[in-house]
Amino acid sequence: MPKLKVDGVEIEVPAGATVLQACELAGKEIPRFCYHERLSIAGNCRMCLVEVKPGPPKPQASCALPASEGQEIRTDSEMVKKAREGVMEFLLINHPLDCPICDQGGECDLQDQSVAYGRGASRYHENKRAVTEKYMGPLIKTVMTRCIHCTRCVRFSEEIAGVDEIGALYRGEDTQITTYLEHAASHELSANVIDLCPVGALTSRPYAFEARPWELKKTLGIDVSDAVGANIRIDSRGREVLRILPRVNDDVNEEWLSDKARYQVDGLTRRRLDRPWLRKNGKLVAATWDEAFAAIAKVKPAASIAAVAGDMVDCETLFAAKALLGALGSNLLEGRQTGLKYATDNLAAVNFNSTFAGIETADAILIVGSHVRWEAPLVNARLRKAAKRGAKVFIIGPAWETTFPATFLGEDVGIINAVPDEVRAALLAAKRPAVIVGGGGLAKGALEPALALYSEVHSALVITDENEGWNGFNVLHMAASRMGGLMLGYAQGGGIADLGAAKPKLLLSLGADEVDYAAFADSIIVYVGHHGDKGAHAADVILPGSAYTEKAGTYVNTEGRVQFAEKAVFAPGDAREDWTILRALADALKVSVGFDSFEGLRAAMIAAVPALGIEGLADYGALPTGVSGTAAGVIAYPIKDFYLTNPIARASETMQRCSAELLHCETFAEAAE
Amino acid sequence: MADRHLEPDSPELRARWGGWAFNPAWEAKAKAAIARYPAGRQRSAVMALLDYAQRQIGEETQTQGWLPIPVIEYVAQYLDMPVIRVVEVATFYMMYNLVPVGRYHVQVCGTTPCMLRGSDDIMAACKARGMHLGHVSDDGLWTLTEVECMGNCASAPMVQINDDNYEDLTPERLNAVLDALARGETPKTGTQEPGRHTVEPVGALSTLTAMVGENHDYRGEW
């Protein structure tokens with residue numbers, strides 16, 4: 001714990017801190033471009049120069065200088081001021097003065113820092129350097145003349161994403177940042193380099209020339225494209241969501257976001273259900289709300305009603321539907337659309353118990369039937385961190401391109417029944433062993449044998465300070481609504497097959513677009529959702545609802561982390577918030593659900609499931625003991641196309657293009673400019 | 001340097017170089033280079049391997065050699081490293097040619113000491129022989145490049161032709177060297193100044209004269 005002085009104020013900093021971090025702790029702002037706390041230190045922008053004694057009588061790059069005992073650091077001296085002005089002037093020598101046409105304008109580090117630390121005028125009269133644009137795929141727009149060679153994008157793709165595809169070619173003034181042969185950057189976190197870029201060299205292609213940052217209303221939301229529950233900021237203008245950016249939450253998404261979560265937003269304005277529809281003579285025709293409710297009331301379902309929840313539904317909607325069914329005397333609720341039927345009596349057994357931050361510290365990991373890179377790209381980044389720290393990773397399931405060293409054990413899930421000695425030994429030797437069961441494994445019954453394996457490993461664990469309270473049994477879900485649904489009882493013993501077997505008169509589909517509706521051929525299907533996708537095609541009555549940006553709601557991610565999202569914009573046309581639709585439906589069916597406002601609904605929900613009222617990890621208790629079972633079959637991953645997993649993404653042109661170009665290798669001709 | 005670029009990837013390039021591999025002689029050297037580093041650190045040999053690849057191609061094409069994209073990919077695969085990291089190295093160092101070069105790659109130093117000693121005349125002499133910067137001459141013999149300091153300032157101006165330096169040049173001396181190379185001869189390398197061996201002072205010593213015969217302590221005279 002070295003003690004040092006920053007601008008005359010003595011502070012104590014943690015061992016291993018850099019001078020830059022010491023200055024930050026002292027409350028001094030240090031300008032920087034290349035330094036980023038989640039990336040390795042490059043020290044090539046020179047913007048963070050400070051004066052340090054003892055040391056050579058010249059400014060030093062604080063980001064790469066270890067803080068040590070007795071240093072006297074000045075961030076306010078004349079030398080530092082001159083050094084910053086000099087560096088800024090050099091950086092601006094080759095930077096174009098095109099801020100008025102640059103998308104980074106208004107949120108540009110270079111702009112801000114040149115105002116704060118620059119000289120104000122240039123003394124440079126020679127020609128500026130120009131660099132040709134580099135193609136980086138459908139998401140990243142490049143204007144490489146603006147690049148200041150901080151190499152944050154290079155370091156991100158190498159260190160965090162684990163896909164070496166961006167590099168700095170040539171040298172000196174001629175340095176150019178590019179992907180290899182200008183191939184599209186094609187991993188699931190690629191667009192994060194846009195956030196990292198401190199200038200306008202890498203900007204968002206779909207968002208190009210859409211808006212200025214100061215025009216946007218910023219709403220705090222939760223991402224629903226997977227079960228990670230990434231914290232997002234929804235930037236909207238008027239009634240349209242223009243872009244989605246990650247928020248910092250070290251427990252969940254750090255400060256990254258998957259490309260799908262970021263770019264499915266343009267799907268929010270396409271293929272939308274903006275008025276009720278009724279099926280008449282086999283064809284859907286537009287209707288009014290009254291006609292739609294009248295048609296549903298005519299069914300007189302009484303207790304013969306079932307509800308199936310989609311992957312992106314919030315807990316309030318789930319609870320409102322549950323209350324409606326309860327009032328009618330039914331509890332046929334199910335959220336696992338594709339037919340999974342694992343036991344849900346103990347939710348700890350189907351939860352990501354180690355937490356995302358915890359899985360980073362695991363030292364032996366067995367993944368059963370999960371294509372983590374596609375099912376949860378942000379968890380994959382965590383696994384990569386664990387592997388970089390030395391964790392051994394084994395995967396049961398068909399091979400996929402990992403971004404970390406991993407051993408594939410085979411495609412047959414039966415391996416989990418009796419894992420190879422090598423794996424058992426690695427898990428038993430580990431201080432923090434972890435097992436991750438994915439959707440592909442759950443479908444083949446891997447949950448019970450995985451639990452049995454983990455409890456054997458866990459009981460052999462030598463508990464020390466390092467692993468006190470460690471629970472390394474994890475289930476990685478793919479649906480944002482899954483854990484919330486399970487907490488609210490959206491699970492039948494036999495899965496969705498139970499609903500089909502009950503032959504309900506009325507099936508309430510809450511944005512369920514992955515269900516095989518053939519099993520409900522005799523039911524009247526009421527679809528409450530926001531996109532004209534598979535569910536709407538099968539529906540007899542369509543009630544237009546709200547997408548995740550258009551309603552406030554509670555979401556529970558696969559860790560059991562309860563998070564609240566706020567409403568950013570209003571739903572289009574006649575569409576309403578889902579809970580109001582269900583409340584009105586209760587009136588139409590002449591039952592009482594016991595709430596008349598969103599606050600009332602939320603209070604009733606929290607009264608029923610108190611954990612949903614507290615932000616943070618829900619406590620599901622201990623893992624079940626004495627579980628046994630065998631799994632059989634060849635694992636098939638549920639996601640066939642990363643970019644098209646939900647109705648919003650399927651409606652999004654950006655996601656369609658990503659799918660076509662990055663996964664199916666179609667080429668797109670660039671429009672002539 | 002600004003005109004440095006990779007030879008564009010094309011089907012013809014792939015067809016010509018797609019199946020390229022080290023021949024046994026160079027492969028032995030490549031293995032030796034990799035063996036210099038601990039196991040798992042084979043990437044450290046990337047510079048040596050790129051050089052060997054360029055030299056083998058030089059032997060095959062009777063030129064100084066260059067690095068086509070498929071060969072860069074071969075080296076990346078050989079070392080089990082991402083190809084972009086190899087391209088970074090290959091594009092960084094001037095000693096790797098990214099486009100085809102002639103039999104003799106004439107690299108004229110144009111940095112300050114050489115410029116003060118007449119490198120402009122050397123460059124003009126090269127151009128007068130039909131060389132163009134960055135291009136292979138029509139007879140396939142010459143490629144002309146202007147480079148930064150090669151560290152021969154004491155015998156400036158200089159050119160580097162393939163692996164050899166020719167120093168203390170005048171246009172006449174350079175022409176003599178180039179003529180000899182064109183005839184297939186091996187001209188004397190190093191300084192071209194008659195009577196000079198390496199970079200010792202030309203003529204009599206002008207400084208430190210007291211040091212000629214024996215060691216002398218100058219400190220008292222400062």
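## A walk through chains A and B

Start by selecting chain A, which has 21 helices and 27 strands (DSSP runs numbered from the N terminus: H or I of at least four residues for helices, E of at least two for strands). Its radius of gyration, taken over C-alpha atoms, is 27 Å, close to the 26 Å from the globule rule (2.2 Å times the number of residues to the power 0.38), so chain A is as compact as a globular protein of 673 residues.

A quick word on what you're viewing: this is a predicted model, where local features need pLDDT of at least 70 and side-chain atom pairs pLDDT 80 or more, while totals for chains, interfaces and linings use all residues. Residues are numbered from 1 along each chain as its sequence is written, and chains are lettered from A and ligands numbered from 1 in the order in which they are written.

Now show the C-alpha trace of chain A: along its principal axes it spans about 85 × 60 × 50 Å.

Next, select the place where the chains touch. Chain B gives 12 residues to the contact and chain A gives 10 (two residues are in contact if their C-beta atoms, placed from the backbone, lie within 7 Å).

Then hop to chain B and its open sheet of 5 strands, order 2-1-3-4-5, with mixed pairing (strands pair if DSSP finds at least two bridges between them). Strand 2 (142-147) and strand 5 (190-191) of chain B are the edges, each pairing on one side only. Select residues 104-109 of chain B, strand 1: 6 bridges join it to strand 2, running parallel. Zoom in on B:Cys109, whose bridge partner in strand 2 is B:Val147.
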